[in-house]
Amino acid sequence: ELTSNPEFLNEIQKGIKDLGKDVRMVTEQENAPMFPSALDEVHFWTNLDTALSNVDSQLRSREIAVTLEVLRRWKRFHAHVSLGTDLGLEPVKERVRQNHNLLHDFPIQELLAAKNIDKLSAAVTQIFSHIKKIGKQVSYPIPRALALIDVVTRDFTEQIVRVLGPQQLLYLSYEECDKA
């Protein structure tokens with residue numbers, strides 16, 4: 001019988017070990033460096049949340065359950081235990097989901113789409129309001145929050161240059177400048 005073949009069991013055990021390494025690589029993405037724009041940061045948490053949900057679905061699949069049952073029956077507990085407890089998937093999933101939910105509504109699109117000073121001002125007000133929520137969120141790392149503020153500032157600077165760039169501010173009258 002194939003399941004009593006030690007080479008076959010070793011191969012299955014190696015596959016489970018490799019799966020565990022792959023899952024750890026995904027869960028460690030939570031600590032990836034900050035991205036060059038706020039929009040990239042928002043997409044990062046969305047994609048990581050999706051990836052972790054997919055990993056969780058795969059780990060709960062019938063195929064994995066059968067594989068672990070074969071290893072358990074042949075007393076290959078090490079693979080079963082390491083896949084079940086060492087991964088720490090649940091706490092990472094929860095933190096990532098919290099961060100994703102927090103940044104999902106981050107109003108960076110409003111800033112990037114602003115075509116005039118009034119819309120820029122409104123977007124900055126919304127962003128500061130949202131940053132207060134980030135400060136209260138325990139799971140979002142403080143160094144990452146500071147880096148997010150830095151990239152938002154950079155995005156704001158680029159957008160204000162786009163909005164005001166075409167206008168020659170030094171040549172405008174006070175009234176025209178006040179309107180701009």
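Which residue forms a salt bridge with E69, the closest N and O atoms being 3.2 Å apart? I started my notes there, and R73 is the partner. Before going on, I remind myself that this is a predicted model.

**Entry 1: around E69**

I checked where the pair sits. E69 and R73 are four residues apart in helix α3, so about one helical turn separates them. I then looked for other partners and found R72, whose side chain meets that of E69 in a salt bridge at 2.5 Å, N to O. E69 and R72 are three residues apart, again about one turn, and both belong to helix α3, which covers residues 62–73.

Next I looked up how open these side chains are. E69 has 29% relative accessibility, so I put it down as partly exposed. R72 comes out at 38%, so it is partly exposed as well. R73 reaches 61%, and because the cut-off for exposed is over 50%, I list R73 as exposed.

**Entry 2: other salt bridges**

I ran the search over the whole structure and got 12 salt bridges. One of the pairs I looked up is R154 with D150, where the side chains meet at 3.0 Å, N to O. Both residues are in helix α8 (residues 142–164), and being four residues apart they are separated by about one helical turn. R154 is partly exposed at 36% relative accessibility, and D150 is partly exposed at 44%.

I also came across a network: D56, R60, E90 and K93 are linked by salt bridges.

I took α7 (residues 117–136) against α8 and found axes that come within 11 Å and cross at roughly 175°. That angle makes α7 roughly antiparallel to α8. On the α7 side I wrote down I117, L120, V124, I127, I131 and I134 as making the contact; the α8 side supplies A145, L148, I149, V152, F156, Q159, I160, V163 and L164.

Then I did α2 (residues 38–59) against α8. The axes are 8 Å apart and the packing angle is about 135°. That makes α2 oblique to α8. From α2, the contact uses A38, L39, E41, F44 and W45, and from α8 it uses R144, L148, V151, V152 and D155. I notice L148 and V152 in my list for α7 too.

**Entry 3: a nonpolar patch**

I looked for nonpolar surface and found a patch of about 300 Å² made by I142, L146 and I149. L146 is a residue of helix α8. At 55% relative accessibility, L146 counts as exposed.

**Entry 4: I108**

Is I108 buried or exposed? I got 1% relative accessibility, so it is buried. I108 lies in helix α6, which runs over residues 108–113. Leaving aside neighbours within four places in sequence, I108 is in contact with A38, L39, I127 and D155.

Last, I took a distance from I108 to K21: they are 87 residues apart in sequence and 35 Å apart in space, C-alpha to C-alpha.

Terms used
Residues numbered from 1 in each chain as written. Predicted model: local features only at pLDDT ≥ 70, side-chain atom pairs only at ≥ 80, totals over all residues. Heavy atoms only, no water. Salt bridge = Lys/Arg side-chain N within 4 Å of Asp/Glu carboxyl O. Helix = DSSP H or I, 4+ residues; strand = E, 2+ residues; numbered from the N terminus. Buried < 20%, exposed > 50% of the residue type's maximum accessible area, 1.4 Å probe, protein only. Patch = residues over 30% accessible without salt bridge, like charges linked within 9 Å, V, L, I, M, F, W, Y side chains within 5 Å. Areas by Shrake-Rupley, 256 points an atom, 1.4 Å probe, with all protein chains shown as cover. Axes fitted to C-alpha atoms, helices over the stretch in contact; angles between N-to-C directions. Parallel < 35°, antiparallel > 145°, perpendicular 65-115°, else oblique. Contact = heavy atoms within 4.5 Å.
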